[in-house]
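Trainee: I would like to go through some terms used for this structure. Could we take them one by one?
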Amino acid sequence: MGKRRRHTACVDCFRITGGRPLEGEVRASGSKNAGLPLLAACLLGEGDWAFSRVPRLKDIDTMRLLLGRLGAGSCHGEDPDQVLLHVPASLETEAPYDIVRRMRASIAVLGPLLARVGRAVVPLPGGCVLGTRPIDIHLRGMEALGAKVELQHGVVHAQAPVGGLRGARVNLLGPFGSTVLGTVNVLCAASLAHGSSRLEGAACEPEVVAVGEFLQAAGAKISGLGTAVVEIEGVSGLSPPASPWQLPADRIESGTLLLAAAMTSGRVRVTDCLPQELQALLDLLDQAGLPVTTGPDWMELDARGKRPQAVAVQTAAYPGFATDLQAQWLAVATQAEGISTVCEGVYPERFMHVPELLRLGAKIERDGAIARVHGPSALSGAPVLASDLRASAALVLAGLAAQGETVVRRVYHLDRGYQRLEQKLTPLGAEVRREVDEERP
Ligand code: EPZ
């Protein structure tokens, strides 16, 4: 009988010793969810594009890899937070499945490629742990602009009509409201279409506004950004803005860091952030009895000696409470007095963190898209498994409050969207160590 080979993979884990209130100041990084579509949008114009405050994240590396495969090579500038991207006159049009399957945001190349080259071949990203996550609205948008779209063997083939895309009226609403990346994709495509377009039911998320403002700086004619109706007058070409484009602060990272104070009854000031983009979170904390002090680019939560009170929340499109903060909020709710309810209004399945939080001693019942948290619970450290980006952040927060040692495994999920989170938490007094973990299947 042949010997079975044992495969092991070395991945990082976090070893957290919890129970200490965090205290101090921490700077927000640049936004992942603005950075990804901004990089993809550069495909719309030949030239040398430059960005500053780009977070050093796995997902940004994946987008750069994808753009490189399409012909647009990139490197860091003198400052490692700068990314310089060269977009040549001619581009490849086929996005490899090997990259698209790693990151759904790869779909953001569809609109730019179709508008600039007239053809785009992008594999369907498929579902993920958040649920089904279709891209039907993106495709409907491209069709409205005149493209022929076919799905063959799991791959989207989109072809612009002879003469290029044509401006149109596009409805971006789906069963769960609008779509962030769908809006960005159609916005990019319509920027180079002939004539005018009107996007109805457009997503109002700050990341959509960030991409729109960047396109404007590159020569696009867009109005209505940040509202549900965006109008675009197509132009014949876009070119890089005169100086490096700075990414805005990451509102989800900022919110997560603020919640570390709520979680540990500590005091945390987040600097270089945009508190106005987190109003729903600030209102929720206020309702929970933890008011946040804000300035134009900072916010501080002083939760020393305090516990949150249970509140009810539903995730929704911006300016509602962000689904990307739901897992972290659920972790905080384990420390709240009373029964908190969390209703997931964007991804009804996004509760992979619940079973792991239960392992740490949380009391949570799930009823479809609703989670009820009975608090407060004295969490106790345990080994837990990260399943996705925000779930990992929730487990780290829970580990910070748990007595004893928590080992969060598979932190590669966390590294997709948080720039070295342990290096931000340690100066605040957290005991978090990154270690190599040998995983056996
Ligand atoms: C963006 O994903 C973010 N990703 C997600 O961040 C975030 O959770 C999500 O917006 C919602 O805010 C990036 O920006 C890279 P959607 P996106 O299309 O654009 C349904 C994170 O943790 N829908 O706005 O792909 C969809 O299933 C992540 O950083 C359709 O039905 O999300 C969902 O229920 C993960 N058809 C809802 O709309 C479509 O064609 C909103 O999804 C498209 C979406």
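Trainee: Why does Phe214 count as buried?
Mentor: Buried means under 20% relative accessible area, exposed over 50%, and partly exposed in between, with a 1.4 Å probe and protein chains only. Phe214 has 1% relative accessibility, so Phe214 counts as buried. This is a predicted model: local features need pLDDT of at least 70, side-chain atom pairs count only at pLDDT 80 or more, and totals for chains, interfaces and linings use all residues. Residues are numbered from 1 along each chain as its sequence is written, and side-chain values use heavy atoms, without hydrogens and water.

Trainee: What makes Trp49 and Phe214 an aromatic pair that is tilted?
Mentor: Rings of Phe, Tyr and Trp (its six-membered ring) pair if their centres lie within 6.5 Å; planes under 30 degrees apart count as stacked, over 60 as edge-to-face, and the rest as tilted. A search of the whole structure finds four aromatic pairs. For Trp49 and Phe214 the values are 5.5 Å centre to centre and 50 degrees between the planes, hence a tilted pair.

Trainee: Which residues do ring pairs link into a cluster?
Mentor: Trp49, Phe51, Phe214 and Trp245.

Trainee: How do you know that the charged end of Arg269 sits over the ring of Trp298?
Mentor: The rule asks for NZ of Lys or CZ of Arg within 6 Å of the ring centre and within 35 degrees of the ring normal. The charged end of Arg269 is 4.0 Å from the centre of the Trp298 ring and counts as sitting over it.

Trainee: What does a polar side-chain atom of Asp324 lie 2.6 Å from?
Mentor: An oxygen atom of the ligand. A polar contact is a pair of N or O atoms within 3.5 Å.

Note on methods:
Polar contact = N/O pair within 3.5 Å; in protein donor to acceptor, adjacent residues only side chain to side chain.
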